[in-house]
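Hi,

Here is the structure I said I would pass on. Have a look at it first, and then read my notes below.

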Amino acid sequence: MLLERRRLDPSEAIRLLTPLQGQDSAAPYVALAARLDGLEPERLHRALDSGAVVKTTLMRLTLHLVAGADYPAYHQLARQPRMRAWRKTYAHLDEAKVAAELGAWLSEPRSNAEIRERVRAYEGVTDEDWTPIMFARNLLPLAQLPPAGYWRDRRRPTFVVDPRALPEPVDAATLVLSRYLAAFGPASRRDVAAWAGVAQRDFAEACERLQTVSYRDENGRELLDLPGQPLPPDATPLPVRFLARWDQVLLAYADRDRIIPPELGPLRLTLSGDQTVTVDGRVAASWSLERATRRVKVVIEPHVEIRRGAHAAIRAEAKRTAAFAEPEAERIEVAGI
């Protein structure tokens with residue numbers, strides 16, 4: 001969708017794109033706006049209200065918006081390494097009993113403060129703020145209730161357990177692997193494990209079960225893809241795109257050089273959460289918005305030399321992004337290019 005925007009319902013787009021980073025409440029909307037035509041934030045609100053999209057903690061212990069139907073599989077996969085640690089730390093606890101107790105209690109909405117107080121009652125749970133929270137989130141599929149996930153909503157969320165049974169780990173890994181390859185293939189086993197925040201062994205059986213085709217990159221590493229997936233020629237023109245904070249394409253591969261030039265490594269863009277601009281498929285700049293009464297300015301900070309022929313496209317895309325983010329602005333300015 002970064003090659004050519006599509007008109008899709010937000011929930012279907014998220015299913016195809018894989019979960020979108022939601023640490024910053026506006027990020028999923030900016031990410032979708034870069035990929036979809038005619039995006040209306042209210043349609044994503046409705047998807048959250050209906051459960052077609054869920055906001056939750058997933059890969060790499062960060063917040064994401066995930067397609068509701070796929071959430072049990074993503075949760076089951078993402079928790080595998082964390083539950084290995086959980087079972088060592090809390091070997092004295094009866095996992096099934098604790099899961100049943102907490103699951104019943106979390107069938108009603110609870111705040112983080114309430115979860116902390118309840119979970120600290122279990123032997124071995126320490127007093128650090130996030131230890132009891134992660135105890136519960138790793139053990140159970142907890143979803144944030146709307147309006148969590150709304151455009152720029154910053155209210156403290158409440159949490160409820162998803163009542164659906166989790167798939168077997170191999171079934172979960174197979175579904176997630178198929179979603180990942182459809183979005184980002186060809187890619188290596190190391191890539192998909194790094195993206196998901198799990199060990200390669202968590203995908204080992206799925207890689208054998210799922211029908212894939214194999215390629216080799218210039219260094220001889222095996223890359224997997226789904227059969228029949230298009231492989232655009234190297235000369236395919238890549239449009240300018242304004243990406244969101246921690247945009248998924250920046251985190252999709254273990255080798256970040258595929259999209260971030262090596263000389264930008266010291267900027268640590270995948271940690272800072274800078275919103276980035278891609279030119280010819282590579283990160284070339286960061287961008288931000290400066291808001292004033294009835295005016296918004298898009299400030300572009302180039303990180304590499306940008307060819308002059310791309311400047312007009314960058315300015316046009318900047319104005320499009322600003323118009324989406326600030327629809328009431330009467331004037332849009334672009335600085336830096």
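**Charged pairs, fold and a covered helix**

Arg245 is partly exposed, with a relative accessibility of 30%. Before I go on about that residue, please keep in mind that this is a predicted model.

So what does Arg245 pair with? Its side chain meets that of Asp24 in a salt bridge, at 3.8 Å from N to O. Asp24 counts as buried, at 14% relative accessibility, whereas Arg245 at 30% is partly exposed.

One is between Glu317 and Arg5, whose closest N and O atoms are 2.2 Å apart. Glu317 is in helix α14 (residues 311–325) and Arg5 is in the segment before α1 (10–17), so this pair ties together parts 312 residues apart in sequence. Both partners are covered: Glu317 is buried at 8% relative accessibility, and Arg5 is buried at 16%.

The other one is local. Glu12 and Arg15 form a salt bridge at 2.7 Å, N to O, and the two are 3 residues apart in helix α1, which puts about one helical turn between them.

In total, the count of salt bridges comes to 24. The protein carries 48 positive and 46 negative side chains, and the centres of the two sets are 3 Å apart.

Now for the overall picture. The protein has 14 helices and 12 strands. Its radius of gyration is 21 Å, close to the 20 Å that the globule rule gives for 337 residues, so the protein is as compact as a globular protein of that length. The C-alpha trace spans about 65 × 55 × 35 Å along its principal axes. Of the 337 residues, 50% count as buried. The accessible surface is about 16,200 Å², and carbon and sulfur atoms account for 49% of that. If you take the contacts between residues at least 6 apart in sequence, 63% of them join residues at least 24 apart.

Two more places to look at while you have the model open. Helix α4 (residues 71–78) is mostly covered, with 8 of its 8 residues buried. Among them are Tyr71, Tyr74 and His75, along with Pro72 and Gln76.

Then there is Ala187, in the loop between α9 (169–184) and α10 (189–196). Is this residue buried or exposed? At 1% relative accessibility, Ala187 counts as buried. Leaving aside residues up to four places away in sequence, Ala187 touches Tyr180, Leu181, Glu222, Leu223, Leu224, Tyr253 and Arg258. One of these, Glu222, is 35 residues from Ala187 along the chain, and their C-alpha atoms are separated by 8.0 Å.

Cheers

Terms used: Residues are numbered from 1 along each chain as its sequence is written. This is a predicted model: local features need pLDDT of at least 70, side-chain atom pairs count only at pLDDT 80 or more; totals for chains, interfaces and linings use all residues. Side-chain values use heavy atoms; hydrogens and water are left out. Helices (H or I, at least four residues) and strands (E, at least two) are DSSP runs, numbered from the N terminus. The radius of gyration is taken over C-alpha atoms; the globule rule is 2.2 Å times the number of residues to the power 0.38. Buried means under 20% relative accessible area, exposed over 50%, partly exposed in between (1.4 Å probe, protein chains only). Contact means heavy atoms within 4.5 Å. Accessible areas come from the Shrake-Rupley method with a 1.4 Å probe; for residues, only the protein chains shown count as cover. Lys and Arg count as positive and Asp and Glu as negative; His and the chain ends are not counted. The place of a charge is taken as NZ of Lys, CZ of Arg, CG of Asp or CD of Glu. A salt bridge is a side-chain nitrogen of Lys or Arg within 4 Å of a carboxyl oxygen of Asp or Glu.
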